[in-house]
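Hi,

Here is the structure for you to look over. My notes follow below it.

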Amino acid sequence: LCKRNAFLGQQGVKGPSVLKTGTTIAGVIYKDGIVLGADTRSTNGDTVADKNCEKIHYIAPNIWCCGAGTAADTEAVTGMVSSAMELHRLATNRSSRVITAMTMLKQHLFKYQGHVSAALVLGGYDHSGPHLHSVYPHGSTDTLPFVTMGSGSLAAMAVFESGYKENMELEDAKILVARAIEAGIFNDLGSGSNVDLCIINKDGKDYLRNWKCPNERTYRHAGFTFPPGTTHLSVTIEYAEREADGLGRV
């Protein structure tokens, strides 16, 4: 394989380049449930494609999933599992289990050996309490009290490791997750814009869209204003020049 790649390189064939996920997503377990967080920047190479996209996807009424990687892959995978979970609820007549969603996601991603670029943070609350998992593109999973994924995950993990406490209150968990996402926003070029949070507990979910906006513009240009007659004046000058040349009005 190495000889083949070297030969192709000599023929001028460019190999695949390293890709960044360009996202910061995180989750933490607090005393009564789960808090998920994500930034809102969507990138296309070096270009910011969307400043306020949604990266927290619906799986079931009690299960939500943050996605990093290729936007099409994360949306397709979470949408597929969401549909399968709904059919499962209808067939079994019981609420969805977080472990079921995690198993569906990891089996699908493992089947494609990492070619489906979806790095996920899955969180939910079921009959056995809160559950938090990270799912890697190759299909491996982690089950931890706090997890991060994406290109800004190291900055976010530093905040978690220094600030996490067991049995946190909801407000403390929200602030901690927001700080972790902000660390990714300010220290990773692929992450940016705002902070979205999703709280999941036994009472349901609370999706807090744009809970924090750390990059608001300090000023906004009001636009240009022209005095009345500006356009008319320029047209009049053009007509006067045409009449001077004997061309007349058109």
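In the chain, 60% of the contacts between residues at least 6 apart in sequence join residues at least 24 apart. Contact here means heavy atoms within 4.5 Å. This is a predicted model, so local features need pLDDT of at least 70 and side-chain atom pairs count only at pLDDT 80 or more, while totals for chains, interfaces and linings use all residues. Residues are numbered from 1 along each chain as its sequence is written, and side-chain values use heavy atoms, with hydrogens and water left out.

Overall shape. The radius of gyration of the chain is 25 Å, whereas a compact globule of 250 residues would come near 18 Å. That radius is taken over C-alpha atoms, and the globule rule is 2.2 Å times the number of residues to the power 0.38. Along the principal axes, the C-alpha atoms fill a box of roughly 90 × 55 × 45 Å. The chain has six helices and 12 strands. These are DSSP runs numbered from the N terminus (helices: H or I, at least four residues; strands: E, at least two).

Surface. Of the 250 residues, 39% count as buried. Buried means under 20% relative accessible area, exposed over 50%, and partly exposed in between (1.4 Å probe, protein chains only). The chain exposes about 14,700 Å², and carbon and sulfur atoms supply 54% of that. Areas come from the Shrake-Rupley method with a 1.4 Å probe; for residues, only the protein chains shown count as cover.

Backbone. Most residues other than glycine have a negative phi. Asn93 sits in the loop between helix H2 (71–92) and helix H3 (98–111). Asn93 is exposed, at 73% relative accessible area. Asn167 is in the loop between helix H4 (153–163) and helix H5 (170–187). Its relative accessible area is 59%, so Asn167 is exposed too.

Tyr112. This residue lies in the loop between H3 and strand E7 (118–126). Tyr112 is partly exposed, at 39% relative accessibility. Leu36 is 76 residues from Tyr112 in sequence and 26 Å away in space, C-alpha to C-alpha.

Best wishes
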